[in-house]
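Please open the structure in your viewer and follow the stops below in order.

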Amino acid sequence: MIEGVIFDLDGVLVTTDDCHYEAWKRMADEEGMPFDREVNRRLRGVSRMESLDIILENAGRVYSGEERTALAKRKNAYYVDMIHGLGKDAILSGALETLEKLRRLGIKLAIGSSSKNAPAILDRLGLAGYFDTVADGNQIHRSKPDPDVFLLAANKLGLQPANCLVVEDADAGVEAAVRAGMRVLAVGAAKGNPRATVQAESLGTFDLSAYLSGENRA
Ligand code: B16
Ligand code: MG
């Protein structure tokens with residue numbers, strides 16, 4: 001029985017995955033570091049500092065702790081600037097319809113995001129009211145692929161992991177959900193991940209409420 005759905009935020013509900021890429025790209029270009037969409041794929045779902053470490057693998061020299069902190073701070077400033085400019089068109093296709101249908105079915109809803117900016121994005125786009133609880137990068141020490149953020153979300157919902165389904169666009173997030181003992185719908189960049197329970201292009205091409213109704217009847 002699926003009683004709760006835990007949504008990743010960036011790349012599942014909103015287009016901010018692209019803002020993360022643009023902000024890292026600006027920083028990397030300024031520093032003369034190689035960075036492209038292929039490397040960016042490995043950044044999906046992982047924390048800010050771990051993302052920076054992946055970019056620095058190709059940087060050609062070792063960066064001190066102070067330098068790393070400054071680079072991450074600069075990227076975040078670029079990112080925060082971008083999210084201040086976001087409007088409702090940043091909400092991905094099918095997201096609102098899915099949230100509304102699941103609420104009508106009585107399914108509990110949570111956010112499980114690695115991002116420390118998740119609360120600001122939810123407020124800015126008027127999404128906060130859809131969720132019973134939010135677990136994000138401010139509340140955990142180990143980000144995806146560790147299961148912590150999803151286990152925290154389930155705990156805050158008062159549900160067992162086996163009764164939760166995660167929606168993810170990151171391979172690291174699919175892995176985190178599997179390690180948490182949850183089922184997982186892989187969308188976007190994670191579509192095709194063999195570890196996922198079910199796959200779809202996006203929430204716009206998949207009727208999650210019909211899927212859950214079917215699973216819960218079976
Ligand atoms: P921040 P998600 C993740 O969010 C992003 O996918 C990842 O690219 C980012 O590095 C991470 O949040 C941390 O974000 O720098 O805003 O704290 O996909 O788990 O919602
Ligand atoms: Mg994501």
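Domain bounds here come from an automatic or database domain assignment. This is a predicted model, in which local features need pLDDT of at least 70 and side-chain atom pairs count only at pLDDT 80 or more, while totals for chains, interfaces and linings use all residues. Residues are numbered from 1 along each chain as its sequence is written, and ligands are numbered from 1 in the order in which they are written.

Domain 1 (4-15 + 89-217) and domain 2 (17-83) both contribute residues to the shell around ligand 1, so the ligand lies between them.

Next, display the shell of 19 residues surrounding ligand 1, taking a residue as near if one of its heavy atoms lies within 4 Å. Among the closest are D10, S113 and N117. Which helices supply at least two residues each? They include α3 (48-56) and α4 (65-84), helices being DSSP runs (H or I) of at least four residues.

Now inspect the polar contacts, pairs of N or O atoms within 3.5 Å. A backbone N or O atom of K116 is 2.7 Å from an oxygen atom of ligand 1. For D8, a polar side-chain atom lies 2.8 Å from a ligand oxygen atom.

Finally, select K144 and P145, which are joined by a cis peptide bond with omega of about 15 degrees. P145 belongs to the loop between β3 (133-135) and α7 (148-157); strands are DSSP runs (E) of at least two residues.

Note on methods:
Side-chain values use heavy atoms; hydrogens and water are left out. A polar contact is a pair of N or O atoms within 3.5 Å; within protein, one must be able to donate a hydrogen and the other to accept it, and residues adjacent in sequence count only if both atoms are side-chain atoms.
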